[in-house]
Amino acid sequence: MLKTIQIKTLAFLFVICIISVGQAQDNTSLKQTILDLDKKFWESYNTCDLTTFQTFFVEDFEFYHDKGGLTSGLTTMMSSVKNGLCNSENPRVRREVVEGTVEVFPLNNYGAIITGEHVFYVIEKGKKERLAEIAKFTHVWQHKNELWKMTRVLSYDHQPAPQNTDKKAISLSDEILNKYIGTYQAPQTGTVVITKKDNLLEIKAGQMQAIVYPQTETLFFHKQSPLTFEFMKDGKGVISKMIVRENGQIAEEALKVK
């Protein structure tokens, strides 16, 4: 009797192992399929290949964007992409995945879900490509009639992408930082006020309020934008102006007036 129970138990465990191995193999195959589709989809996005782009969606597709709201229907979405993202008069956008963030999950009796993080680069005429934004994405893929198509897309948690990541901040004394505190006047920006907050400089100009970090004694950078701020001295060694650069190009010069 005992031997019979043991044999049945072993047989049951063996069947469970076979099922588990089969499921693991199926999930691996599913993941690769979705990753391949995802790659092709984003290639069509980056190149504005609209003919290929629209083949990845069902007709009653829905796109949820935390900033733009809901876009319903493939026709509406394609019109938006054609007149916006892929309009030759507008800046182009290139998407790049954040390595190590992508995950694929099976969706029982339906298809699969892919999630991850990605960054977007903006390309404007006559300017260098710049990193602009980071966000999360969730795409729902449906497997129907031997075809894979997306039914729902969620794009959310859009934030300014980390900038100046190649720069390292140093520590400066209060004595040095105090030299930069004051009011500056810029031709385009107008009044710029620099104060000190938690041993760092804070720059306020209109709606902008930014903490900047010292790279050298006179050069500071902003972590959320491609901006740097360099303080210049006059012939007497007194701070006289601040030069603002965007992506290395001079964008503004602000004279210290107070």
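Start with the turn between β6 and β7. These two strands form a hairpin, with 2 residues between them. Asparagine 145 sits in that turn and has a positive phi of about 55°. The pairing of β6 with strand β7, residues 147-160, is antiparallel and runs over 11 bridges.

The protein chain averages a pLDDT of 88. Of the residues, 90% score at least 70. One stretch needs care. Over residues 13-24 the pLDDT is below 50. Beyond near neighbours in sequence, that stretch has 0 contacts in the model. Where pLDDT is low, predicted coordinates should not be read in detail.

Back to the strands. β6 has another partner, β5. Strand β5 covers residues 111-123, and strand β6 covers residues 130-144. They pair in the antiparallel sense, over 12 bridges. Glutamate 117 stands opposite lysine 136 in β6. β5 and β6 also form a hairpin, with 6 residues between them. Which residue in this turn has a positive phi? Glycine 126, at about 75°.

Now helix α3, residues 74-83. Which of its residues are buried? Leu74, Met77, Met78 and Val81. They cover an arc of only 95° around the axis, which puts them on the same side of α3. An α-helix has 3.6 residues a turn, so residues three or four places apart point the same way. What do the buried residues of α3 pack against? The partners are α2, residues 50-53, then β1, residues 57-65, and β2, residues 69-72.

Next, the covalent link. How many disulfides does a search of the whole structure find? The answer is 1. Cysteine 48 is joined to cysteine 86, with S to S at 2.0 Å. The link is left-handed, with -90° about the S-S bond. Cysteine 48 lies in the loop between α1 and α2, and cysteine 86 in the loop between α3 and β3, so the pair ties together parts that are 38 residues apart in sequence. Are these cysteines buried or exposed? Cysteine 48 is buried, at a relative accessible area of 17%. Cysteine 86 is buried too, at 19%. The cut-off for buried is under 20%, so both values qualify.

On to charges. Side chains of opposite charge can pair when their charged atoms come close. The count here comes to 8 salt bridges. I will pick out some of them.

Take arginine 245 and glutamate 230. Their side chains meet in a salt bridge, 2.7 Å from N to O. Arginine 245 lies in strand β14, residues 239-246, and glutamate 230 in strand β13, residues 227-233, so the pair ties together parts that are 15 residues apart in sequence. Glutamate 230 is partly exposed, with a relative accessible area of 21%. There is also a network. Salt bridges that share partners join Arg94, Glu96 and Glu129.

Then lysine 196 and aspartate 174. They form a salt bridge, with the closest N and O atoms 3.5 Å apart. Lysine 196 is in strand β9, residues 190-197, and aspartate 174 in helix α4, residues 174-178, so this pair ties together parts that are 22 residues apart in sequence. Lysine 196 is partly exposed, with a relative accessible area of 31%. Aspartate 174 is partly exposed as well, at 37%.

One more pair: arginine 130 and glutamate 124. This is a salt bridge too, with the closest N and O atoms 3.5 Å apart. Arginine 130 counts as partly exposed, at 24% relative accessibility. Glutamate 124 also counts as partly exposed, at 26%.

Last stop, glycine 237. Where is it found? Glycine 237 is in the loop between β13 and β14. Its relative accessible area is 42%, which makes glycine 237 partly exposed. Now compare its position with that of proline 160.

I am happy to take questions.

Terms used
Residues are numbered from 1 along each chain as its sequence is written. This is a predicted model: local features need pLDDT of at least 70, side-chain atom pairs count only at pLDDT 80 or more; totals for chains, interfaces and linings use all residues. Side-chain values use heavy atoms; hydrogens and water are left out. Buried means under 20% relative accessible area, exposed over 50%, partly exposed in between (1.4 Å probe, protein chains only). Helices (H or I, at least four residues) and strands (E, at least two) are DSSP runs, numbered from the N terminus. The arc is that of the directions from the helix axis to the C-beta atoms. Contact means heavy atoms within 4.5 Å. pLDDT is the predictor's confidence in each residue, from 0 to 100. A salt bridge is a side-chain nitrogen of Lys or Arg within 4 Å of a carboxyl oxygen of Asp or Glu. Two strands pair if DSSP finds at least two bridges between them. A disulfide is a pair of cysteine sulfur atoms within 2.5 Å.
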